[in-house]
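Trainee: I would like to go through this model feature by feature. Please give the general idea each time, then the case at hand.

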Amino acid sequence: MKRILILAAALLGFGGCSSDRYTVEGDIEGLEATVYLLDENGIATGMPVDSAATEKGRFRFRGTAAEPAVAYATARSTTDGTPLFFVPLFLEPGTIAVTGTADAPGSIVATGTPANDACAAYSRRLAELEARYADPATSDEERQAIDLEAAALDSTAIGENLDNFFGVFLYAQNMPYRLTGRELLDGIRKFSEPMRQTTLMERVQAYAEAKARTDVGEPYIDIVQNDADGRALSLRSVVEREGNRYVLIDFWASWCVPCMGEVPYLKEAYAKYRDRGFEIYGVSFDSDRDRWIGTVEKREMGWLHVSDLAEFDNQAARDYAVQGIPANFLVDCATGRIVAVNLRGEELGARLAELLEK
């Protein structure tokens with residue numbers, strides 16, 4: 001049961017007015033290297049937004065943030081360039097203390113402001129759970145209980161931090177993949193007004209609104225993309241085709257390993273239920289036509305396929321709020337409404353059995 005807090009989603013930029021000043025005060029025992037501060041662009045490019053020399057392990061950054069932002073403090077060895085530490089922190093008004101020991105990177109932590117204190121507390125609780133789980137004296141029954149406790153940790157921490165940016169960050173990182181669109185919107189309303197107005201939460205809000213339009217019970221949204229022969233094939237024409245009772249909209253790509261893992265289940269369901277009114281409308285997020293078609297042929301994926309050959313940059317991905325694949329939506333042709341979402345593995349066959357073997 002190893003879980004790592006990865007501060008990666010939708011990081012925010014720097015800037016702002018003097019009233020939003022932050023100070024990062026570092027005191028890392030044994031550190032003798034330049035410390036760099038990275039924002040979102042810095043993570044991608046390796047270019048820091050600021051740097052600071054250390055003196056007896058101490059360093060300082062000052063700046064402004066128009067709103068809370070995620071950043072990282074990092075340093076490399078002066079001898080061989082290997083990373084010494086990579087510490088996530090939240091830039092927000094106040095003094096942020098970064099403390100620990102250079103020889104023990106896991107000891108380095110940011111505290112001193114609401115979001116950083118909350119993140120530190122979360123990390124401690126997570127570390128305690130991991131230590132208990134790894135203890136040879138822990139029984140299998142106790143490990144099962146720890147798994148349940150760890151699974152609930154995110155929800156608990158979010159509920160405890162509805163008024164600071166760590167709660168927003170944790171919500172954005174974890175909940176969009178666990179909740180329906182309506183559930184996401186309900187959760188957003190629990191946050192304080194300032195937190196709801198942050199750029200990150202506004203992004204989650206926009207995603208939740210899009211996702212809510214494709215929750216179970218909502219009408220399907222038409223898709224029009226080209227098939228392998230370059231002819232437009234609409235989802236509507238498939239849903240309304242005589243004899244079709246249920247259509248699975250399947251978002252996938254040839255380069256997606258989990259998608260390929262789903263193919264045997266799709267083939268099994270299609271072979272068993274095609275003659276009973278089941279059809280699959282596959283929407284590929286490939287960009288290479290030959291690879292897309294080659295995979296369809298090699299894997300003998302004999303259902304309908306379309307693609308804009310633009311990966312995630314297509315209207316269907318936006319309409320169905322698809323941020324990760326595989327993803328699928330099962331449409332009842334009689335009503336035009338979505339009756340199931342993300343049926344993985346044997347779940348697809350089981351649901352079709354319920355619907356088509358009555």
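Trainee: Does F90 count as buried or exposed, and at what relative accessibility?

Mentor: The classes are set by relative accessible area: buried is under 20%, exposed is over 50%, and partly exposed is in between, with a 1.4 Å probe and protein chains only. F90 has 0% relative accessibility, so it counts as buried. The model is predicted: local features need pLDDT of at least 70, side-chain atom pairs count only at pLDDT 80 or more, and totals for chains, interfaces and linings use all residues. Residues are numbered from 1 along each chain as its sequence is written, and side-chain values use heavy atoms, with hydrogens and water left out.

Trainee: Which aromatic pairs does F90 form?

Mentor: Rings of Phe, Tyr and Trp (its six-membered ring) pair if their centres lie within 6.5 Å; planes under 30 degrees apart are stacked, over 60 edge-to-face, and the rest tilted. The count by this rule is 15 aromatic pairs. One of them joins F90 and F165, edge-to-face, at 6.0 Å centre to centre with 75 degrees between the planes. F90 is in strand β6 and F165 in helix α4 (residues 165-174), so this pair ties together parts 75 residues apart in sequence. Here helices (H or I, at least four residues) and strands (E, at least two) are DSSP runs, numbered from the N terminus. F90 also pairs edge-to-face with F169, at 5.9 Å centre to centre and 70 degrees between the planes. F169 lies in helix α4 too, so the pair with F90 links parts 79 residues apart in sequence. F165 is buried, as is F90, and F169 is buried at 0% relative accessibility.

Trainee: What is the strand order of the open sheet that contains β6?

Mentor: Strands of a sheet pair through backbone hydrogen bonds, either parallel or antiparallel. Two strands are taken as paired if DSSP finds at least two bridges between them. In this case the 4 strands run in the order β3-β2-β5-β6, with antiparallel pairing. β3 (50-52) and β6 (83-91) are at the edges with a single partner strand each, so one side of each has no neighbour in the sheet. Strand β2 (residues 35-38) pairs with β3 over 3 bridges, and V35 stands opposite A52 in β3.

Trainee: Where is I221, and which residues does it contact?

Mentor: Contact means heavy atoms within 4.5 Å. I221 is in the loop between α7 (199-212) and β9 (224-226). Leaving aside neighbours within four places in sequence, I221 contacts T214, L235, D319 and Y320. I221 is partly exposed, with a relative accessible area of 23%.
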